[in-house]
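Reader: Hey, I'm new to this one. Can you walk me through it?

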Amino acid sequence: MNKQISNSIISSLVADAYSLGAHWVYEEQQLRNLPIDWETLNDAQSIWHKGKVKGDFTHYGDQTLYLLEYLSQNKEFDKKDYYSFWSQKMSNYNGYVDGATRGALENIGSESNDLSICGHIAPLLIDADTKEIFLSRCKAFAEITHNSKLAISSTLFFAELLWDSKENQDIKKNIELLKSNYPDLSTWIDAGVKSKDADTFTTIREFGPACGIDGGFAGVIHLLSLEDDFKTVMQKNVKAGGDSSARGMVVAMILGTQDDFKLPEEWMKSINKMEDIKKYISLL
């Protein structure tokens with residue numbers, strides 16, 4: 001498999017595992033007092049991930065891993081076939097089941113506006129010969145659980161940015177070039193880019209640290225506009241609290257396309273399902 005694609009997939013999963021420790025902790029003082037070593041992965045501190053330990057994924061990472069598993073078995077993405085595969089997995093899932101998932105399990109086409117779907121798409125790069133094929137797959141994939149106009153538009157924006165950054169290494173330039181194609185997102189794009197020199201904690205809290213695209217999108221653009229290395233970007237993101245995994249997975253999959261990209265070795269070694277990841281990738 002292309003190194004950029006495998007890096008994109010693995011980095012998004014590593015970002016999720018690193019986010020687990022402080023994921024969905026919102027209160028500022030609680031964030032500062034968490035019994036967390038910010039240099040490594042940690043046990044989940046939020047009640048929503050009770051029982052999850054260092055190296056585990058949130059439900060976002062688990063669902064991304066399911067997509068990777070499906071593609072290792074099927075090569076092609078088929079919306080109805082994947083829905084059957086996914087719904088069986090999630091019907092027996094031992095972890096948090098969010099509103100988008102609950103809605104889609106009842107009826108394919110949940111209309112969630114959560115940002116998280118945008119960070120699940122890296123495995124869809126596999127065997128996508130053209131950008132058009134990749135975008136079509138991403139749209140079909142998002143429609144299963146996040147079939148709202150805003151979620152589809154945001155997913156396609158980050159899918160285009162992911163593809164373009166794989167082809168052209170200048171992420172910041174790619175963001176600017178794409179902006180005119182997504183007028184509904186341009187305000188958040190501008191806000192994120194303009195905030196690049198501002199404090200990340202304050203910036204993400206002001207944009208909105210929760211699950212929705214209306215706060216999280218600009219936070220992702222802010223993080224992508226930083227000049228820091230991957231580890232530092234991930235630390236700044238998670239320390240800001242809230243839905244750090246959703247933001248982190250989108251950022252990580254895009255940063256993973258860069259030629260000089262490096263994952264922290266200790267983080268990689270701490271992933272509990274790394275052997276599964278390697279197995280699925282080896283089958284592709």
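**Pockets and salt bridges**

Reader: How do the residues lining the largest pocket divide up?
Author: Eight are nonpolar, two polar and six charged. Here Ala, Val, Leu, Ile, Met, Phe, Trp, Tyr, Cys and Pro count as nonpolar, Asp, Glu, Lys and Arg as charged, and the others, Gly among them, as polar. This is a predicted model, where local features need pLDDT of at least 70 and side-chain atom pairs pLDDT 80 or more, while totals for chains, interfaces and linings use all residues. Residues are numbered from 1 along each chain as its sequence is written, and side-chain values use heavy atoms, without hydrogens or water.

Reader: OK, how much space is in there?
Author: About 320 Å³ in the largest pocket. Of its 16 lining residues, Asp228, Asp229, Leu255, Gln258 and Asp260 are the closest to the centre. A pocket is an open set of points on a 1 Å grid over the protein atoms alone where a 1.4 Å probe fits, with protein on both sides within 12 Å along at least five of seven lines, and lining residues have an atom within 4 Å of a point. The volume is the space filled by probe spheres set on the points, which are joined across faces, edges and corners.

Reader: Which helices supply at least two residues of that lining?
Author: α8 (171-179), α11 (213-224) and α12 (230-239) each do. Helices are DSSP runs (H or I, at least four residues), numbered from the N terminus.

Reader: And what volume does the second largest pocket have?
Author: About 150 Å³. Of the 13 residues lining the second largest pocket, Lys50, Lys52, Asn94, Gly95 and Tyr96 are the closest to its centre. That lining has four nonpolar, four polar and five charged residues.

Reader: Switching topic: how many salt bridges are there?
Author: The count is 17, each being a side-chain nitrogen of Lys or Arg within 4 Å of a carboxyl oxygen of Asp or Glu. One of them joins Lys236 to Asp228 at 2.7 Å, N to O.

Reader: What about Glu167 and Lys166, buried or exposed?
Author: Glu167 is exposed, at 55% relative accessibility, but Lys166 is buried, at 12%. The cut-offs are under 20% for buried and over 50% for exposed, with partly exposed in between (1.4 Å probe, protein chains only). The two side chains form a salt bridge at 2.6 Å, N to O.

Reader: Where do Lys179 and Glu176 sit relative to each other?
Author: They are three residues apart in α8, so about one helical turn separates them.
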